[in-house]
Amino acid sequence: ARTRRSVGEGVVRVILFAAAALSVLTTTLIVISLLRETISFFGDVSISDYLFGTKWTPLLAGEQQSFNVWPLLFSTFYITAIALLVALPLGLLSAIYLAEYAKPGVRKVIKPILETLAGVPTIVFGYFALAFFTPEVLKPLIGSGIGTNNQLAAGIIVGLLVLPTIASVSEDAMSAVPQSLREG
């Protein structure tokens, strides 16, 4: 005899299976779509040009377009290095302050704000970099020769983007150390 509870559990089991199957299907369709576009792309661009070329000009009108990966990789690492130069010292200093020097009341207020900042969408930081940071901060400091889309602004803003995460994780790690080991 099936009880009301077993019927309910069966319904929940079917719903959970359907949700899992839907996520697997969605992931499979995304991979298929990406593979199809990749095959189409490499039908137009040779793999050797993509891997060993040094220019990235996909929107160049009237001339030969170039799709090479090295400029993208270099820019990614360059922006990451700038971001780390900004985020690591500030994040670690913030964590040391919160873990060692801040009064419990101050820590109780600052820690949730810091963790909330970690949830700000990246698009907000990007818009901030374009609309405010470059024209209002960098151009007066460096001069009008700096363009709107520049790696310095991107690196600093990415550093500010990861700063709350670095500070929060570092502070949690420092707070987890027992007082006897801190004193040692």
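Analyst: One term to begin with: a salt bridge is a side-chain nitrogen of Lys or Arg within 4 Å of a carboxyl oxygen of Asp or Glu. Also, this is a predicted model.

User: How many salt bridges does the structure hold?
Analyst: Five.

User: Which residues are linked in a network of salt bridges?
Analyst: Arg107, Lys111, Glu115, Glu171 and Asp172.

User: Let's take Lys111. Where does it lie?
Analyst: Lys111 is in helix α4, which covers residues 104-117. Glu115 lies in that helix too, four residues away, or about one turn.

User: What's the distance between the closest N and O atoms of Lys111 and Glu115?
Analyst: 3.4 Å, and the pair forms a salt bridge.

User: Is Lys111 buried or exposed?
Analyst: Buried. Its relative accessibility is 8%, and the cut-off for buried is under 20%. Glu115 is partly exposed, at 41%.

User: What about Glu171 and Lys111, how do their side chains meet?
Analyst: In a salt bridge, 2.8 Å from N to O. Glu171 sits in helix α6, residues 151-176, and Lys111 in helix α4, so this pair ties together parts 60 residues apart in sequence.

User: And Glu171, buried or exposed?
Analyst: Buried, and so is Lys111.

User: How accessible is Asp172?
Analyst: Asp172 is partly exposed, with a relative accessible area of 40%.

User: Why can side chains pair like this at all?
Analyst: Opposite charges can pair when the charged atoms come close.

User: New topic. Where is Ile96 found?
Analyst: In helix α3, which spans residues 70-101.

User: Which residues does Ile96 touch, leaving out those up to four places away in sequence?
Analyst: Tyr101 and Met174.

User: How far is Ile96 from Ser170?
Analyst: Their C-alpha atoms are separated by 8.1 Å. Along the chain, Ile96 and Ser170 are 74 residues apart.

User: What's the relative accessible area of Ile96?
Analyst: 34%, so Ile96 counts as partly exposed. The partly exposed range lies between the under 20% cut-off for buried and the over 50% cut-off for exposed.

Methods. Residues numbered from 1 in each chain as written. Predicted model: local features only at pLDDT ≥ 70, side-chain atom pairs only at ≥ 80, totals over all residues. Heavy atoms only, no water. Helix = DSSP H or I, 4+ residues; strand = E, 2+ residues; numbered from the N terminus. Buried < 20%, exposed > 50% of the residue type's maximum accessible area, 1.4 Å probe, protein only. Contact = heavy atoms within 4.5 Å.
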